[in-house]
Amino acid sequence: MLTSQRKQLLLKILSEEGQVVARTLSDAWGLSEDTIRRDLRELAKEGLLRRVHGGALPASPAQGNFAVRATISTDAKPAIGRAAAALIKPGQVVFIDGGTTAVQLARALPRELRAVVVTHSPSIAVELVEHPHVEVIVIGGRLFKHSIVACGAQALEAIGQIRTDVFFMGVCSLDPEAGITTADYDEACMKRAIGAAARSTVVLASPEKLGTAAPFAIAPLATVDRIVVSRDTDDALLAPYREMGIAVTLG
């Protein structure tokens with residue numbers, strides 16, 4: 001089998017099965033695992049997949065900038081936002097992450113809700129300017145333009161001073177084995193710090209983010225208490241999370 005043929009077949013398997021396991025294909029094709037891994041590395045360099053231990057996962061389509069991501073899953077994100085907003089209890093102090101799904105959460109907060117929202121996202125803060133009863137605490141720092149959030153040492157220091165009840169985390173990629181990953185190292189550090197300062201973490205995951213991986217690890221799924229997903233998400237995709245004891249809310 002020619003290299004180009006192997007690569008096309010690898011991408012076909014990835015599309016149909018959602019993952020590639022190097023050892024399985026090595027046995028099936030009578031090739032060394034090193035050969036399969038080399039093909040996967042080359043495909044990863046082209047941005048066609050994401051290498052993980054033992055094989056590969058689809059590359060997340062959610063790695064574009066804010067404007068690009070706003071055009072993805074436009075029906076699912078408002079529903080996920082409404083379902084997440086319903087989880088907030090009066091009087092809680094919550095951290096709302098940056099991202100297009102998180103913006104939908106901010107828009108869905110009931111007008112009668114009295115709570116405190118902490119955020120490092122100017123987009124979230126602007127959404128809540130007209131909310132009559134939500135106090136907004138904005139974390140400052142260097143603006144990471146890709147996601148429109150503050151980051152850096154100043155932001156990390158401020159985050160460490162606030163204990164929130166719930167962290168609503170926006171994610172780039174989510175997978176039962178790879179965990180929570182993102183495309184930027186500093187953003188991964190920020191999300192990890194926010195999660196460490198929260199009593200519980202709720203992940204907002206639109207359909208295109210499930211079963212994908214990005215270069216930088218945020219945290220293992222053991223740190224996640226709940227995932228909010230689209231109502232029409234395939235049960236087979238959600239089963240591994242439920243088996244881990246993670247609550248799943250359908251939006």
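Predicted model: local features only at pLDDT ≥ 70, side-chain atom pairs only at ≥ 80, totals over all residues.
Let me start with the residues through which helix H1 meets helix H3: on the H1 side they are Thr3, Arg6, Lys7, Leu10 and Leu11, and on the H3 side Thr35, Ile36, Arg38, Asp39, Leu40, Glu42 and Leu43, where contact means heavy atoms within 4.5 Å. Sorted by type, the residues of this contact are 5 nonpolar, 2 polar and 5 charged, with Ala, Val, Leu, Ile, Met, Phe, Trp, Tyr, Cys and Pro counted as nonpolar, Asp, Glu, Lys and Arg as charged, and the others, Gly among them, as polar.

Residues are numbered from 1 along each chain as its sequence is written, and side-chain values use heavy atoms, with hydrogens and water left out.

Now the geometry. Two packed helices are described by the angle between their axes and the distance between the axes. Here H1 covers residues 3-17 and H3 residues 33-45, and their axes come within 10 Å and cross at roughly 75°; the axes are lines fitted to C-alpha atoms over the stretch in contact, and angles run from 0 to 180 degrees between N-to-C directions. The two helices are therefore roughly perpendicular to each other, given that angles under 35 degrees count as roughly parallel, over 145 as roughly antiparallel, 65 to 115 as roughly perpendicular and the rest as oblique.

Lys7 is buried, with a relative accessible area of 15%, where buried means under 20% relative accessible area, exposed over 50%, and partly exposed in between, using a 1.4 Å probe and protein chains only. Its C-alpha atom is separated by 9.0 Å from that of Ile36, 29 residues away along the chain.

Turning to the chain as a whole, there are 10 helices and 15 strands, which are DSSP runs numbered from the N terminus, helices being H or I with at least four residues and strands E with at least two. The radius of gyration is 19 Å, close to the 18 Å that the globule rule gives for 251 residues, so the chain is as compact as a globular protein of that length; that radius is taken over C-alpha atoms, and the rule is 2.2 Å times the number of residues to the power 0.38. Of the 251 residues, 48% count as buried, and among contacts between residues at least 6 apart in sequence, 62% join residues at least 24 apart.

Helix H6, residues 100-108, is mostly covered, with 7 of its 9 residues buried, among them Val103, Gln104 and Leu105. Gln104 also lies 11 Å from Gly170, C-alpha to C-alpha, although the two are 66 residues apart in sequence. Gly170 itself, in strand E9, counts as buried at 10% relative accessibility, and beyond its sequence neighbours up to four places away it touches Asp97, Gly98, Lys191 and Leu204.

Finally, a backbone point. Most residues other than glycine have a negative phi, and most peptide bonds are trans. Ile148, however, has a positive phi of about 55° although it is not a glycine. Ile148 sits in the loop between strands E7 and E8, and at 26% relative accessibility it counts as partly exposed.
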